[in-house]
Amino acid sequence: MSDELAKKITETIMQRIDREKKPIIVNISNRHWHCTKETFEKLFGPGAQPTNIRDLIQPGQFACKETVTLKGPKGEIHKVRLIGPFRTYDQIELSRTDGFTLGINVPVRDSGNVKGSAPITLIGPKGEVHLTEGALVQMRHIHFHPSEAEQFGVKNMEYAKIRVGTPPRDGVLTVLCRVREDMKLECHLDTDEGNGLGVKNGDQAMML
């Protein structure tokens, strides 16, 4: 074995040992939606503003009091919560199971990649909005502040592997790393993934 290869193997082992000392909080992302100010006013009335009921881990993000009914060709899902603040695009985040309930084929996408995603109708107290695209299954991911990404040795938009769950229902998942100044260390799985692995809010994952 060459000295260079031995050094690389040693660095990989040390990185894994170091990562195991830094567990990552996991939260289950239930169905929710993001929207523009224009869409919100169509659903809740001119001049309406989202009502913050709880700040989330990600800086500036908050759960809102406002909910809508989602409608698809085969069914409806009621009381789906808005996540604020307003965005420049409409995005409805679902699980595969939700897609079956609504009767829509929901693609797996990274956040913001709504072009060509599934159509869906939102019904609010003051009106309804039919979106020709916007419904998707959010790709499982980990948020990192740049300083945290440096500690874990990852870069923005690259993939990493984590171990989650409790044996014998634990598993290894491939996750997308999302690195931005306005982010904080947190892993997001959807309800299907959480249920499949017996993972609940506040559990921990280990990066491999």
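Colleague: Where is P168 found?

Modeller: P168 is found in the loop between β11 (159-164) and β12 (171-179). Helices (H or I, at least four residues) and strands (E, at least two) are DSSP runs, numbered from the N terminus. This is a predicted model, in which local features need pLDDT of at least 70 and side-chain atom pairs count only at pLDDT 80 or more, while totals for chains, interfaces and linings use all residues. Residues are numbered from 1 along each chain as its sequence is written, and side-chain values use heavy atoms, with hydrogens and water left out.

Colleague: Is the peptide bond from P167 to P168 cis or trans?

Modeller: That bond, P167 to P168, is cis, with omega near 5 degrees. The bond from G84 to P85 is also cis, with omega near 5 degrees; P85 sits in the loop between β5 and β6.

Colleague: And the backbone of K79, is its phi positive or negative?

Modeller: K79 is not a glycine, yet has a positive phi of about 55 degrees. K79 is part of strand β5 and counts as exposed, at 71% relative accessibility. For these classes, buried means under 20% relative accessible area, exposed over 50%, and partly exposed in between (1.4 Å probe, protein chains only). M157, likewise not a glycine, has a positive phi of about 70 degrees. M157 lies in the loop between α4 and β11 and is partly exposed, with a relative accessible area of 42%.

Colleague: Changing topic: how many residues are in the largest nonpolar core?

Modeller: The largest nonpolar core has 25 residues. Such a core is a set of buried Ala, Val, Leu, Ile, Met, Phe, Trp, Tyr and Cys residues joined through side-chain atoms within 4.5 Å. W33, L70, I92, L94, I104, I120 and L122 have the most contacts inside this core. Two or more residues each come from α2 (37-44), β4 (62-71), β5 (76-84), β6 (91-94), β8 (118-123) and β9 (128-138). Apart from this core lies another, of 22 residues, among them I24, V26, L185 and V199.

Colleague: Which residues does L122 touch?

Modeller: Leaving aside residues up to four places away in sequence, L122 touches W33, L43, V68, T69, L70, I92, G127, E128, V129 and L131. Contact means heavy atoms within 4.5 Å.

Colleague: W33 again. Why does the pair of W33 and F44 count as stacked?

Modeller: The ring centres of W33 and F44 are 6.4 Å apart and the planes are at 5 degrees, so the pair is stacked. Rings of Phe, Tyr and Trp (its six-membered ring) pair if their centres lie within 6.5 Å; planes under 30 degrees apart count as stacked, over 60 as edge-to-face and the rest as tilted. The pair links distant parts of the chain, with W33 in strand β2 and F44 in helix α2, 11 residues apart.

Colleague: Are W33 and F44 buried or exposed?

Modeller: W33 is buried, with a relative accessible area of 0%, and F44 is buried at 16%. W33, F40, F44 and F86 form one aromatic cluster, and the count of aromatic pairs comes to four.

Colleague: What is the volume of the largest pocket?

Modeller: The volume of the largest pocket is about 840 Å³. On a 1 Å grid over the protein atoms alone, a pocket is an open set of points with protein on both sides within 12 Å along at least five of seven lines, a cavity is a set of points where a 1.4 Å probe fits but cannot get out, and lining residues have an atom within 4 Å of a point. Grid points are joined across faces, edges and corners, and a volume is the space filled by probe spheres set on the points.

Colleague: Which residues lie nearest the centre of the largest pocket?

Modeller: Of its 34 lining residues, S29, H32, L56, I83 and H188 lie nearest the centre. β5 gives the most to the lining of this pocket, with five residues.

Colleague: How many cavities of 30 Å³ or more are there?

Modeller: There is one cavity of 30 Å³ or more. About 100 Å³ of space lies in the largest cavity. The largest cavity is lined by 16 residues, and S29, E93, L94, Q138 and D190 are the closest to its centre. The largest share of this lining, three residues, comes from β13.
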